[in-house]
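Here is a short report on charged pairs, backbone angles and packing. Please look over the sequence and the model before reading on.

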Amino acid sequence: MQTTLIQPKELIVSIDDWQDYLRDGQQFLSTAVGAFSKKRKAFTSEALYNITAMAIEKLIMGFLMKNGDLAENHTMTDLAAALERHTGPLPDLHKKLLFLDSFQDICDPDEYQYVVPDEHQVSVILDIGLEVQQLILPLVQQNRTKPS
């Protein structure tokens with residue numbers, strides 16, 4: 001996949017600490033995948049959902065920050081839109097990220113909604129996290145500039 005520059009490459013100024021976001025995202029995802037595969041009781045479905053959502057958020061934000069961009073908000077819907085500004089349309093992944101938003105709506109305290117995923121849904125959520133990681137990491141490496 002070829003990224004689409006939203007401005008000329010020479011004008012892009014990376015936002016500091018983007019590498020930390022990528023590292024944290026990979027660590028969160030690794031933790032969630034490992035805990036799920038080992039059936040760790042301390043990691044409930046709710047916890048695994050939240051850890052995976054944080055991993056996805058960190059991975060996408062790391063990519064965006066490297067490219068001098070930020071998402072409008074940190075909902076999966078906004079993260080998907082911001083990502084697509086750089087990659088072009090990703091209809092399948094966009095739909096999957098919207099699925100993640102269906103579990104939690106905490107923006108309005110009066111209309112708070114939270115659904116705890118079941119084990120099958122957690123498996124799907126982890127797969128989405130891995131798909132995001134598989135998309136982001138090559139894009140970040142592809143855009144690395146050589147030190148001067």
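## Model and salt bridges

This is a predicted model. A search of the whole structure turns up five salt bridges. Side chains of opposite charge can pair when their charged atoms come close.

## Within helix H1

Arg23 pairs with Asp20 in a salt bridge, with 3.3 Å between the closest N and O atoms. Both residues sit in helix H1, which covers residues 18-37. Their spacing is three residues, about one turn of the helix.

Arg23 has a relative accessible area of 41% and is partly exposed. Asp20 is partly exposed too, at 30%.

## Bridges to helix H5

Which residue forms a salt bridge with Glu119? The partner is Lys39, and the closest N and O atoms are 2.9 Å apart. Glu119 lies in helix H5 (residues 119-142), while Lys39 lies in the loop between H1 and helix H2 (45-66), so the bridge ties together parts 80 residues apart in sequence. Glu119 counts as partly exposed at 48% relative accessibility. Lys39 counts as exposed at 54%, because the cut-off for exposed is over 50%.

Lys96 and Glu131 form another salt bridge, at 2.7 Å from N to O. Lys96 is in helix H4 (residues 91-101) and Glu131 is in helix H5, so this pair ties together parts 35 residues apart in sequence. Both ends are partly exposed: Lys96 has a relative accessible area of 32%, and Glu131 stands at 27%.

## A buried threonine

Is Thr52 buried or exposed? Thr52 is buried, with 0% relative accessibility. That value falls in the buried class because the cut-off is under 20%. Thr52 is placed in helix H2.

## Positive phi angles

Most residues other than glycine have a negative phi. Asp17 has a positive phi, near 70 degrees. Asp17 is in the segment before H1. Its relative accessible area is 46%, which makes Asp17 partly exposed.

Lys39 also has a positive phi, near 55 degrees. Its place is the loop between H1 and H2. This is the lysine that forms a salt bridge with Glu119, and its relative accessibility of 54% counts as exposed.

## Tyr21 and Gly62

Tyr21 lies in helix H1. How far apart in space are Tyr21 and Gly62, C-alpha to C-alpha? The distance is 4.8 Å, although the two residues are 41 residues apart in sequence.

Gly62 is one of several contacts of Tyr21. With neighbours within four places in sequence left aside, Tyr21 is in contact with Lys58, Leu59, Met61, Gly62 and Met65. Tyr21 is partly exposed, with a relative accessible area of 28%.

Note on methods:
Residues numbered from 1 in each chain as written. Heavy atoms only, no water. Salt bridge = Lys/Arg side-chain N within 4 Å of Asp/Glu carboxyl O. Helix = DSSP H or I, 4+ residues; strand = E, 2+ residues; numbered from the N terminus. Buried < 20%, exposed > 50% of the residue type's maximum accessible area, 1.4 Å probe, protein only. Contact = heavy atoms within 4.5 Å.
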